[in-house]
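Please keep the model open beside you while reading.

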Amino acid sequence: MTIYDIIFYLFAAITVLSAFLVVTAKNIVHSAFYLLFTFFGVAGLYVLLGADFIAIVQIMVYVGGILILLLFGVMLTNKITSVEIKSGTIHVLPAVIGLGLFAAFVLSTMMTTKWKSNPAELPFTTVYDLGYILINEYVLIFELLGILLLIALIGAASIARKDKE
Amino acid sequence: MHQLLEEIFGSELIAIIIASSLPLIFITVLVIFAVLLERKVAGHMQDRLGPMRVGYHGILQTIADFFKLIQKEDIVADTTDKRFFNLAPVLVFAGSYAAYAALPFSSAYIGSRIDLGLFYIVAISSLVVAGILMAGWSSNNKYSLLGAMRSAAQIVSYEIPTVLVILSMVMISANFTVDGKGTLSLMEISEIQTSSFWNWFVLGGAGFSLSKFLLLPFTMAAFLIFLISSLAEVNRTPFDMPEAESELVAGYHTEYSGMKFAMFFLAEYANMFAVSAIAAAIFFGGYQSPIGYLGNSLGIEWLVPIEQFFWFSVKGVFFVFVQMWLRWTLPRVRVDQLMTICWKYLIPYAFVNLTIIGIISLI
């Protein structure tokens, strides 16, 4: 067991544990805060896979953007925080069947897939190649996504805007 | 540095642990020095003397304060959310400490030589925002919550002009690398601005070409935008709305006492130095000396990294001093003014600046 294995299991444990806490927490703000650790753990896993750019984007977008917005939304809407969230168990039988099927599917995929087991190469930064691909091959999709985000931004602003009277 | 430590201790793990705790020692020394400096600067600007009792001209004041803080009772109010209340100061400090991993203290010492250093620093500082929100919410106090909200809104909005400026400086760096690709590594950016202050990015980059003189006014403007938005990112006056004493008691750390308060304090000063160090690295040559090295002229090789560390700290501490200077000179802006400055002035200017720098870099 090398040091990287230990780091992998550490991040995996953080991700799984905090994801479990997100689901079981009674308070929705608690769930949001636990989500922080889930995102962080996933970013750590990306780093171990050699995807440095994706890892940092994960922190930047999910922790720095989405989580903060989520917290703002939850905190500013007072009625949501005081609502008791039901996290008990109902419909046990359908849930067991569904989960069992899903687990069987995941397990069979895990067993049958031929995993790449090459010795790990020295990680090399992916940012140049990613940038090159984005601006050359996928430039249309890239620009369309940009326009989509812009429209979402303008739409949000126009909904939030008070009517002039 | 890593190799040297590995040779001394004979184990990679111990070397890594020691190398990664070196910035902690640096921060501790810096904070002890910077808190005193802040009080002295404040005093002298207001025609007072500042702390004078402990040691010569009060130089031991911060150490005395530190011991006082250790002895203080750790008060946790009954209605706080205990788990997150205790976690928040750690998270805030972890966020600001994580940024030090990518700061090049000298050519011999940098926490991690990742190629995305600048991007990493920008991203990881969002942990601080989450920590501040956590502190404000779990305190169960309206002043704390308001302070945390203001702080988060402010940091998130001012991140945009900061990132735009950083992007334009990365574009300039593409003019000077060997393969014509820009670099996000603070180490490489510092390496480009070597040998003389003439090569600093704030003066348009290395060489005597025409593009340098075309770039010069825009890099200056970029630095001004970065300075203003970095002040807002570390919640310093004139943007200290989150801690506005006259309105919010102390903002998000109102309920904290003892060592937990000290953690916030430490994180604040660590953040101040971090943004100053980034400003120094991308505009003022980082650890590079402006006038050449004594070690090179005397032929003593091991002296050069130490000199570089000296220059890096001097540049960083100078910008920390600028922040203090502004704090005791300028009044606080209102919340609406804060948002106006960011969205109506800084972001458009930063965009125009980015476009112009891009066009000049192309020709």
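1. The second largest cavity holds about 90 Å³ of space; a cavity is a set of points on a 1 Å grid over the protein atoms alone where a 1.4 Å probe fits but cannot get out, and its lining residues have an atom within 4 Å of a point. The volume is the space filled by probe spheres set on the points, which are joined across faces, edges and corners.

2. This is a predicted model, in which local features need pLDDT of at least 70 and side-chain atom pairs count only at pLDDT 80 or more, while totals for chains, interfaces and linings use all residues. Residues are numbered from 1 along each chain as its sequence is written, and side-chain values use heavy atoms, without hydrogens and water.

3. Among the residues lining the second largest cavity are B:V92, B:I155, B:E233 and B:Y252. The element that gives the most to this lining is α11(B), with four residues; helices here are DSSP runs (H or I, at least four residues), numbered from the N terminus.

4. The largest cavity has a volume of about 270 Å³. Of the 20 residues that line the largest cavity, B:I121, B:S125, B:E233, B:V275 and B:I278 lie nearest its centre.

5. Elsewhere, helix α2 (residues 12-45) and helix α3 (residues 61-71) of chain B pack at an angle of about 110°, with their axes 8 Å apart. The two helices, α2(B) and α3(B), are therefore roughly perpendicular to each other (angles of 65 to 115 degrees count as such).

Notes
Chains lettered and ligands numbered in written order. Axes fitted to C-alpha atoms, helices over the stretch in contact; angles between N-to-C directions. Parallel < 35°, antiparallel > 145°, perpendicular 65-115°, else oblique. 1 Å grid on protein atoms, 1.4 Å probe; cavity = no way out; pocket = protein on both sides within 12 Å on 5 of 7 lines; lining within 4 Å.
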